[in-house]
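Let us read this structure together, one feature at a time.

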Amino acid sequence: MARIESIVVFLLATLLISTWVPISHSAKKPVSIARKEDVPYIKCQICEKLAANLYQQVKKKEAQISPKKISEFQIIEIAENVCNLKKEEADWILRIDIVEKGDKLELVEQDTEGNCNSECKTIERGCQEVMGYSDTDVAEYLFKAKPQIDALVNFLCKDLTKACSTKPPPIPKDRTPGEPFVPKSSKEAEMEKIMRSMEGMPGAPNMKMYSKDDLLNMQNFGNEDADEDDDDDDEGDFPSKLGRVLKEKQTTKGDWKQRITKGIMDTRAAAKRYADKVSHRVRRLWRGKKTTASKASKPEL
């Protein structure tokens, strides 16, 4: 029962949230891959920015949990996630643009996050190559030594990983330039954070974005023939009313975050009622089968 309810709640909540996302965002985007050949030219710079972000994120965590002291495990968790774009700790990668400067590549930090393309994936790959299996070592150093940024950069990039031990080679003259940096709207960034936070919830392993037209065509989603003796007729056609609910939500005025929150709560309540109804039908069907089987097993007198 709990499994059915969990799946229904998060599926419908995801569908509801996606109605506030622009249709262009719902369309499939081409999958970008890392340009691993670029990593040697920027590996040292990646390491320096990685060290700086590790330092800043540890300080931020300390401020959040004060007066408690940060644990080594909490620092390890940051170090494990800082190079994974699926995690919040790696959002710093989205603010970096790879720019050609003569025969060199330079990482230029922007004021806002950008859409993730091959450059974003390249920085992620370089970050993972730098960190490797050193996450626990650098976490232990941060926990015990409590270094400043300069000391952390030297430890991570020169002593531990050797990422800055040699000068990067000049880039080839025929190198294909990367994509331009395209800033992401604040609404898109916030929506992606909401969707990412829902990915780890039970019953929602694979979150998917749909366009508004797709949602409105789902009015008969999950509909089934209602039994004549069902207690609540309004709940029986709950899935078919989803399209009308979504249309009403689109016309509602007010802050979009409040609308999303209210929509999720309303959908959760309605989905629970619908899941209870489905469970009731299954139990009733099972009782009917057991009764029939019992009658069939009695010997004739």
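Q: Which residues does Leu 156 touch, not counting residues up to four places away in sequence?
A: A contact means heavy atoms within 4.5 Å. By that rule Leu 156 touches Cys 47, Leu 50, Ala 51, Leu 54, Val 138, Thr 161 and Lys 162. This is a predicted model, where local features need pLDDT of at least 70, side-chain atom pairs count only at pLDDT 80 or more, and totals for chains, interfaces and linings use all residues. Residues are numbered from 1 along each chain as its sequence is written, and side-chain values use heavy atoms, with hydrogens and water left out.

Q: How many residues does the largest nonpolar core have?
A: In soluble globular proteins, nonpolar side chains tend to be buried together. A nonpolar core is a set of buried (under 20% relative accessible area, 1.4 Å probe, protein chains only) Ala, Val, Leu, Ile, Met, Phe, Trp, Tyr and Cys residues joined through side-chain atoms within 4.5 Å. Here the largest one has 42 residues, and Leu 50, Leu 54 and Leu 156 have the most contacts inside it. The largest share of this core, eleven residues, comes from α3, a helix (a DSSP run of H or I, at least four residues).

Q: Which residues lie nearest the centre of the largest cavity?
A: Rolling a probe the size of a water molecule over the atoms shows where empty space is left. On a 1 Å grid over the protein atoms alone, a cavity is a set of points where a 1.4 Å probe fits but cannot get out, and lining residues have an atom within 4 Å of a point. Of the 13 residues lining the largest cavity, Ile 96, Asn 115, Asn 117, Cys 120 and Phe 181 lie nearest its centre.

Technical notes. Buried means under 20% relative accessible area, exposed over 50%, partly exposed in between (1.4 Å probe, protein chains only). Helices (H or I, at least four residues) and strands (E, at least two) are DSSP runs, numbered from the N terminus. On a 1 Å grid over the protein atoms alone, a cavity is a set of points where a 1.4 Å probe fits but cannot get out, and a pocket is an open set with protein on both sides within 12 Å along at least five of seven lines; lining residues have an atom within 4 Å of a point.
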